[in-house]
Structures are given as C-alpha cells and as structure tokens.
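Let's walk through this structure together, a step at a time. Have the sequence and the 3D view ready.

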Amino acid sequence: MASRSIPILIVCTMGSSAGFIPAFHTAFRPGARIAITRPGYPAYVNTLLGLGFGIAEIPLNAGNGWRLTGPDIAAAHTREPFEGLLFASPANPTGAAVDRAGLADIVATCKRLGVRLISDEIYHGLDYRGPSVSALELTRDAIIINSFSKYYCMTGWRIGWMVLPDELIRRAEILQQNLFISAPTLSQIAATAAPGERDYAEQQKAGYAINRALLDEGLHSLGFEIGSPSNGAFYAYAGIAEFSNDSMAFCQSMLEDAGVAITPGIDFDRTDGAHFVRLSYAGKRESIELALDRMAKVLR
Ligand SMILES: Cc1ncc(COP(=O)(O)O)c(C=O)c1O
C-alpha cells in the first residue's frame with residue numbers, strides 16, 4: 001500500500017512487531033545506537049540487540065508518572081549519544097502517556113539533537129484523559145508504528161501499519177518487499193472493516209476504564225506501591241517493596257498460590273525491575289475482582 005502523491009509512505013505490516021525491523025534498517029546504519037526507555041517493552045531490547053543495533057536506556061521514574069521528557073532524552077544523549085529514539089505513548093508496561101505539550105517537547109528535543117524518532121503508537125485510542133496525539137501531527141521526520149492489535153483487539157490477525165517520511169520511502173519499499181513481501185491479504189481486508197466497528201472498540205475501552213479504577217483501588221489497599229492510575233493502555237506497574245525484592249519469585253508465588261498471572265518487572269527493566277510487577281486489566285471486570293480477592297488471601 002503506497003502513495004507517491006503525498007510525501008509519506010504508509011506500509012502495511014504484520015502487526016507493529018514486523019514494522020520495527022524494516023523501520024530500524026530503513027532509518028539507521030547497522031550497529032547504530034537507538035535509545036529506549038527503562039522500563040519499556042521487552043521486545044525493543046531483544047529486537048534491537050538481535051539485529052545488531054546498540055541500545056541506550058533512558059531511565060524513567062514513578063515520581064514523574066513514568067513519562068519520558070525532553071530533558072530525560074537530552075541527559076541520556078549527553079551521557080551516551082544515540083541516533084534514534086524508540087518510544088511508546090501510552091507505554092507498556094506503565095501505561096504512561098504524554099500529552100501534546102509533552103510530545104512536542106520530545107519531538108523538538110529529537111530534532112535539536114539530530115535523533116530520528118520512532119513513535120510506537122500501538123496503544124493509541126486507549127488514552128483515558130483525552131484523545132491520543134500522534135507524532136505525525138507534530139513532525140514529518142518521525143517514523144510512526146501502529147497496529148490493530150490493541151484498540152481494535154485484533155492481535156491474532158497480525159496486522160498493523162507504519163508511516164515513513166519521504167526520504168525513507170524507497171529503502172522501506174525495498175526492505176519490506178525483501179523481508180516480508182506483504183501483510184496477509186485476508187488480514188488487510190479485515191483491518192479495513194475495523195474502523196467501522198469502533199462502537200465495539202469503545203465498549204472494550206469503557207470496560208478497561210472500569211477495571212483500571214478497580215485495580216488501582218485494590219492494589220492500593222493490598223499495599224502495592226502505585227501512583228495515580230496509568231493514563232493509557234491497560235497496564236498497572238506497581239512496586240512490591242512491601243512483599244518482596246524479587247519480582248520473578250513474587251510472580252511465581254502469585255501464580256502458584258493465588259492462581260493469578262502477573263508479569264515480573266525484570267522483563268521490562270533489567271536494572272530496577274526486581275522491585276516491580278506489571279498487571280494487565282484488559283480482561284473482564286469479574287477476573288479483576290477475582291484476582292484481587294485471591295491475591296488478598298495470599299498476601300494477608
Ligand atoms: C509497546 C508495544 N509495541 C508493540 C507491541 C507488539 O504488538 P503487535 O505486533 O501485535 O502489533 C506490543 C505488544 O504488546 C507493545 O506492547
């Protein structure tokens with residue numbers, strides 16, 4: 001899917017995961033260093049290192065709602081320069097979302113430092129405080145990655161898209177054709193139907209919003225360290241200092257003793273993640289209630 005009449009290219013990908021590979025190789029030389037946030041989506045580290053790129057981790061903190069800022073980027077760049085920045089808002093695992101001013105700050109900082117921004121917008125539509133803002137609204141220099149997996153609940157269809165600036169079009173076309181040929185036709189057809197089914201997506205989102213408040217209240221009362229509810233996506237990233245300093249052991253015990261599946265923070269942050277866990281509230285309200293109830297029995 002390509003249009004040459006406008007100075008951008010939209011590439012249809014097999015989910016956002018299959019967008020990352022051509023995006024990195026289109027924008028950067030082999031071995032280039034790309035910055036990512038810590039905590040962050042684990043596949044960023046694994047994919048970048050697996051493809052032979054370097055990484056620079058930008059530490060985020062709960063005090064700032066886990067939000068990435070321009071000064072964070074500039075400080076990390078001074079410590080260790082990088083050519084690209086890959087970040088998601090709303091984010092996995094924290095659900096942190098930047099507002100328009102925050103995104104403008106990130107875009108401007110990247111421009112000033114000569115850093116190519118890759119904006120992973122897979123959780124767009126799942127902002128609880130207002131409309132999601134795309135980097136495409138602020139710059140034509142960024143690569144935008146998106147997918148039908150989250151807002152449209154179409155994970156198994158493996159369908160997404162990538163928006164690229166003018167100067168990267170030819171390289172992206174060549175890479176996409178050589179690496180993947182195309183996204184599956186059936187999934188492309190299904191994806192064209194999805195925007196007509198927004199009522200369903202909004203219904204799911206309304207359910208997540210209820211779960212989000214429920215989980216936040218429940219985690220507070222159980223003694224997890226957690227700030228205000230995350231702004232987006234469907235995750236809570238909570239501190240477990242009250243219970244353990246080993247997030248993997250804690251998750252194993254929750255699974256075995258409470259029958260509740262949560263994810264250890266070390267998957268998202270190899271430095272400080274032992275003190276955190278991620279909980280997903282994408283399920284049914286009853287599942288959240290049951291999980292809180294079961295965890296309460298074990299933790300108390
Ligand atoms: C931040 C982020 N980006 C990308 C992905 C990959 O999604 P998909 O390949 O299904 O589009 C995920 C999946 O959880 C994610 O959390």
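Helices (H or I, at least four residues) and strands (E, at least two) are DSSP runs, numbered from the N terminus. Before we start, note that this is a predicted model, where local features need pLDDT of at least 70, side-chain atom pairs count only at pLDDT 80 or more, and totals for chains, interfaces and linings use all residues. Residues are numbered from 1 along each chain as its sequence is written, and side-chain values use heavy atoms, leaving out hydrogens and water.

With a relative accessible area of 52%, Ile 189 is exposed (over 50%; under 20% would be buried, and in between partly exposed, using a 1.4 Å probe and protein chains only).

Now turn to the ligand. A polar side-chain atom of Ser 17 sits 2.5 Å from a ligand oxygen atom, and one of Asn 92 is 2.8 Å from an oxygen atom of the ligand. Asp 120 places a polar side-chain atom 2.6 Å from a ligand nitrogen atom. The ligand taken alone exposes 400 Å², of which the protein buries 93% (areas by the Shrake-Rupley method with a 1.4 Å probe).

Finally, look for the open sheet: 3 strands in the order S8-S10-S9, with antiparallel pairing (two strands pair if DSSP finds at least two bridges between them). Its edge strands, each pairing on one side only, are S8 (235-239) and S9 (263-264). Strand S10 (residues 276-280) is joined to S8 by 5 bridges, and Val 277 in S10 stands opposite Ala 238.

Technical notes
Polar contact = N/O pair within 3.5 Å; in protein donor to acceptor, adjacent residues only side chain to side chain.
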